[in-house]
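Please read these notes with the structure open beside you.

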Amino acid sequence: MNSIEEVIGSTDIYLVDQIMKGRYRSGEILLDAGCGYGRNLHWFLQNGIVVHGIDQDSPAIGDLQRRHPGIADRFHCAGVDKLPFGDDEFDHVISSAVLHFAKGTEHFYRMMAEMVRVLKPGGSLFIRMTVDIGIEDRVRPVGDGVYDLPDGSRRFLLTRELLADVMDRHGLGFLEPLKTVNVNDVRCMSTVVLVK
């Protein structure tokens, strides 16, 4: 019997939830937008998903290319705000702990627009990022959607209003209810699963 680590690697637990619900099927094409060193790719690579990844960290992309030489051409050094793919290429796009590094609201809108652009109609968009939900009175605005959090970090925060606006702009719907985890009132992270 395989250990849990052999099955899912170090995949984000909230993405594991989607895997367990059967969201992803063999033969489908997936983009990890902000893949880093590929911590969320293990299960997909083991289960017949056609995986692509982008990240601005060139050492991370180089490492993925070396570890996966047969599919090295699927990993690109690029930003989420300028994806090197055509329209409607992917069945699924995932972006875990990436979008809260947006420089401001327009940068966030560009990243969202790019992920939606490359997603096929009916495709799913999995996002996990820092939010103000649950700690609205504990975050301090720095400007243009960026806040200082009680945990000492500075992040771009997704708000309910911003999420509603992005969904309206792109005609997106919820595949699952919005879920937020409050980490000791110093940081909140939401998981958003949308359909194009």
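Predicted model: local features only at pLDDT ≥ 70, side-chain atom pairs only at ≥ 80, totals over all residues.

1. As background, strands of a sheet pair through backbone hydrogen bonds, and they may be parallel or antiparallel. Here β6 and strand β7 (residues 146-148) run antiparallel and are joined by three bridges. Within this part of the sheet, R140 is opposite D148 in β7.

2. Next, S96. This residue is part of strand β4, which covers residues 90-96. Is S96 buried or exposed? Its relative accessibility is 10%, under the 20% cut-off, and therefore S96 counts as buried. Its side chain makes a polar contact with the side chain of D12, at 3.0 Å. Leaving aside residues up to four places away in sequence, S96 touches D12, R39, N40, F126 and R128.

3. The other serine is S124, in strand β5 (residues 119-131). S124 counts as buried because its relative accessibility is 4%. Which side chain does the side chain of S124 meet in a polar contact? The partner is the side chain of H92, at 2.6 Å. H92 is also among the residues that S124 touches, not counting residues up to four places away in sequence; others include R23, Y24, D91, V93 and L194.

Key
Residues numbered from 1 in each chain as written. Heavy atoms only, no water. Helix = DSSP H or I, 4+ residues; strand = E, 2+ residues; numbered from the N terminus. Buried < 20%, exposed > 50% of the residue type's maximum accessible area, 1.4 Å probe, protein only. Polar contact = N/O pair within 3.5 Å; in protein donor to acceptor, adjacent residues only side chain to side chain. Contact = heavy atoms within 4.5 Å. Pairing = 2+ DSSP bridges.
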